Amino acid sequence: MIGPILALALAAAAGPAADDARAIALQKELRCVVCQNESINDSAAPLAADMRAALRERMAAGDSDAEIKAYFVERYGDFVLMRPPLKATTVALWAAPGLFLGIGALMFALYLRQRPPLDDDQPTDEAGA
Amino acid sequence: MKPVHALPLIVVALVAIAFAFGLRNDPRRLPATLVNEPLPAFSLEPLYEGEAPFTNATLAGAPALINIFGSWCAACIIEHPVLMSIAAENRVALYGVDWNDAREDGAAFLAERGNPYRAIGMDPDSRFAIAMGVSGAPETFVVDAQGRIRYKYVGPITKEVWNDLLKPMIAQLEPAQ
């Protein structure tokens, strides 16, 4: 008996709460253009607050997530996304860390192979001081 | 030196070259992605009550400079005398957008220093600034006679920037039709 009532209550509450969750998720994906290491969700800058308000207006107007992000990218460039899209121009950005890690690992492996054997693999004399 | 020993040097050299290009980009200057796009449709309350709203129609099919400023903006104080002389030269219409400001603060700012603008719109909630990709003040947009954004200058305009960059650019624009 409780089950269906609970489900109904949850469904009724889903409206504004789901909107909030969606807004926060989108806000975390957009960079504050003033404090550029923070998302507009985290930044205290006045422009970030205005960007959050503009985002909510676009949600209310029925824009999809992709349309909302596109609105900001068209005006501020890819830099406004916290995670830059994978495109021809950003492939180097995305690949570089893994690439350098791979090169470093390879070089370390080569170095290990080239080391001379350690002397204490050989039997040592019992030293009488 | 064995070839493999040259590898770190080569990698460092490549990275240095990449950085030499990449570090020239100022991360505070976001790309002017709206260049050659038409101005967004806008209608801003005038700073001075009783005047007409500042809209696309105010530009009346002539080239224009739209300068984003605010009474809170220190660099705008530095820029202001140059704007006054640009207005005095009267080669191009100069319009202002008072961003993130209360009416009395914007009006006081201009009363103290002079008003170089033909018209001034208010943008208290940054809707116009966001639509124009503005991230700080001052920023100045060069708009052609067809209402297209042709250039965005970020930071205070100096005499050199006006004489060497913006004035020639405006002279190149197609005349009003």
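Author: Asp20(A) is partly exposed, at a relative accessible area of 37%. Keep in mind that this is a predicted model. The partner of Asp20(A) is Arg56(A), and their side chains meet in a salt bridge with an N to O distance of 2.8 Å. The pair ties together distant parts of the chain: Arg56(A) sits in helix α2 (residues 46–60) of chain A and Asp20(A) in helix α1 (residues 2–29) of chain A, 36 residues apart. Arg56(A) has 36% relative accessibility, so it counts as partly exposed too, because that value falls between the 20% and 50% cut-offs.

Glu29(A) pairs with Lys69(A), and the closest N and O atoms are 2.8 Å apart. Here the link runs from α1 to helix α3 (residues 65–76) of chain A, where Lys69(A) lies, and it spans 40 residues. As for cover, Lys69(A) is partly exposed with a relative accessible area of 22%, and Glu29(A) is partly exposed as well, at 33%.

What sort of chain do these bridges sit in? Chain A has four helices and zero strands, and its elements run α-α-α-α from the N terminus on. Out of its 129 residues, 23% count as buried. Among contacts in chain A with a separation of 6 or more, 44% come from residues 24 or more positions apart. Chain A exposes about 8,800 Å², with carbon and sulfur atoms supplying 64% of that.

Now hop over to chain B for a bridge between strands. Glu139(B) forms a salt bridge with Lys152(B), with the closest N and O atoms 3.1 Å apart. Glu139(B) is in strand β6 (residues 139–143) of chain B, while Lys152(B) is in strand β7 (residues 149–154) of chain B, 13 residues apart. Both ends are covered up: Glu139(B) is buried, with a relative accessible area of 2%, and Lys152(B) counts as buried at 11%. Chain B also has a network of salt bridges, which links Glu89(B), Arg91(B) and Lys167(B).

That leaves the boundary between the chains. The count between chain B and chain A is one salt bridge: Arg127(B) pairs with Glu57(A), the closest N and O atoms being 2.8 Å apart. On the side of chain B that touches chain A, the elements that give two or more residues are α1 (3–22) and α4 (127–131) of chain B. The largest share of that side, six residues, comes from α1(B). By class, the side has 15 nonpolar, six polar and four charged residues.

The rest of the interface can be summed up in a few numbers. The contact takes 25 residues from chain B and 23 residues from chain A. Together the two chains bury about 1,800 Å² between them, 62% of it on carbon and sulfur atoms. Four residue pairs are in polar contact across the interface, counting pairs with both residues at pLDDT 80 or more. For the whole model, the count comes to 13 salt bridges over all chains, including the pair Arg56(A) and Asp20(A) that we began with.

Technical notes
Residues are numbered from 1 along each chain as its sequence is written. Chains are lettered from A and ligands numbered from 1 in the order in which they are written. This is a predicted model: local features need pLDDT of at least 70, side-chain atom pairs count only at pLDDT 80 or more; totals for chains, interfaces and linings use all residues. Side-chain values use heavy atoms; hydrogens and water are left out. Contact means heavy atoms within 4.5 Å. Buried area is the accessible area (1.4 Å probe) that two parts lose on being put together, summed over both. A salt bridge is a side-chain nitrogen of Lys or Arg within 4 Å of a carboxyl oxygen of Asp or Glu. A polar contact is a pair of N or O atoms within 3.5 Å; within protein, one must be able to donate a hydrogen and the other to accept it, and residues adjacent in sequence count only if both atoms are side-chain atoms. Ala, Val, Leu, Ile, Met, Phe, Trp, Tyr, Cys and Pro count as nonpolar, Asp, Glu, Lys and Arg as charged, and the others, Gly among them, as polar. Buried means under 20% relative accessible area, exposed over 50%, partly exposed in between (1.4 Å probe, protein chains only). Accessible areas come from the Shrake-Rupley method with a 1.4 Å probe; for residues, only the protein chains shown count as cover.
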